[in-house]
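Please look through the sequence and the structure before reading on.

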Amino acid sequence: MDHLWAPWRLSYITGPKQAPDGGPTCFLCRAATGTGADDRANLVVHRTERSVVVLNRFPYNNGHLLVCPLAHKGRFDELTPEELLDLQLVMRLFMGIIEKRMNADGFNVGLNLGRPAGAGVPGHLHWHIVPRWSGDQNFMAVTGDTHVISQSLDALYDLLTEELAKV
């Protein structure tokens, strides 16, 4: 059996768990309400008037991003039409950047609604953008031959913000 070592996930497994509703400990709210000076520490790569893009600290693949509304909303029907449009435009922007700069062949884009659907932060909606490459393995294949594509969060942050500066 091959082993996939992912020591960066230990802090996720052993760390304090978030309140069920997100509450004041919601890391997405902390990222959304940051001043901008602490964006790198909070892994925030982009902000708009209505949304924020955060690097996933515990990614399934290189380039794994979280796109969320600034407002702490846990239900899809709570989003305004302006928030919905903004979120979609931001997702389109980042898929274009990742395709260009990381040569992604495709993407998994998903929104988990509610804890039974796998939402780790059910109180704050967030879309996952996970770049994919032809021949890579998804996270379900960890019991077989697994290929890991490595990139640090710092390197990814620099790559994305460099490209955003051109937009």
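Two strands count as paired if DSSP finds at least two bridges between them. In this predicted model, β3 and β5 meet that condition, since 3 bridges join them, and they run antiparallel.

## Overall make-up

The protein holds 4 helices and 5 strands. Read from the N terminus, the order of these elements is α-α-β-β-β-α-β-β-α. Of the 167 residues, 37% count as buried.

Among contacts between residues at least 6 apart in sequence, 63% join residues at least 24 apart.

## The sheet

The 5 strands form an open sheet with antiparallel pairing, in the order β1-β2-β3-β5-β4. At the edges stand β1 (44-47) and β4 (106-111); each has a single partner strand, so one side of each lacks a neighbour in the sheet. On average, neighbouring strands are turned by 20° against each other, direction ignored.

β1 is joined to β2 (residues 51-55) by 3 bridges in the antiparallel sense, and R47 stands opposite V52 in β2. Between β2 and β3 there are 5 bridges, again antiparallel, with V53 opposite V67 in β3. Further along, L66 has H128 in β5 as its bridge partner.

## The enclosed strand

β3 is largely enclosed by the rest of the structure, because 5 of its 5 residues are buried. Both of its faces are covered: L65, V67 and P69 are buried on one side, and L66 and C68 on the other.

## Helices on the sheet

Helix α3 (residues 81-102) lies across β1, β2, β3 (65-69), β4 and β5 (127-132), and runs at about 160° to β3. Helix α4 (residues 153-164) also packs on the sheet, where it touches β1, β2 and β3; its direction makes about 25° with that of β1.

In soluble globular proteins, nonpolar side chains tend to be buried together. The largest nonpolar core here has 35 residues, of which V54, L55, L65, V67, F94 and L160 touch the most other members. At least two residues of this core come from each of α2 (27-32), β1, β2, β3, α3, β5 and α4. The most is given by α3, with 7 residues.

F94 shows how the parts meet. Apart from its neighbours within four places in sequence, F94 is in contact with V45, H46, V53, L65, L160 and L164.

## Cysteines

How many disulfides does the structure hold? The count is 0. The closest cysteine sulfur to that of C26 is in C29, 3.8 Å away, which is too far for a bond; a disulfide requires the two sulfur atoms to be within 2.5 Å. C68 is in no disulfide either, as its nearest cysteine sulfur, that of C26, is 7.6 Å away.

Are C26 and C68 buried or exposed? C26 has 0% relative accessibility and counts as buried. C68 also has 0% relative accessibility and counts as buried.

Key:
Residues numbered from 1 in each chain as written. Predicted model: local features only at pLDDT ≥ 70, side-chain atom pairs only at ≥ 80, totals over all residues. Heavy atoms only, no water. Axes fitted to C-alpha atoms, helices over the stretch in contact; angles between N-to-C directions. Contact = heavy atoms within 4.5 Å. Buried < 20%, exposed > 50% of the residue type's maximum accessible area, 1.4 Å probe, protein only. Core = buried A, V, L, I, M, F, W, Y, C linked by side-chain atoms within 4.5 Å.
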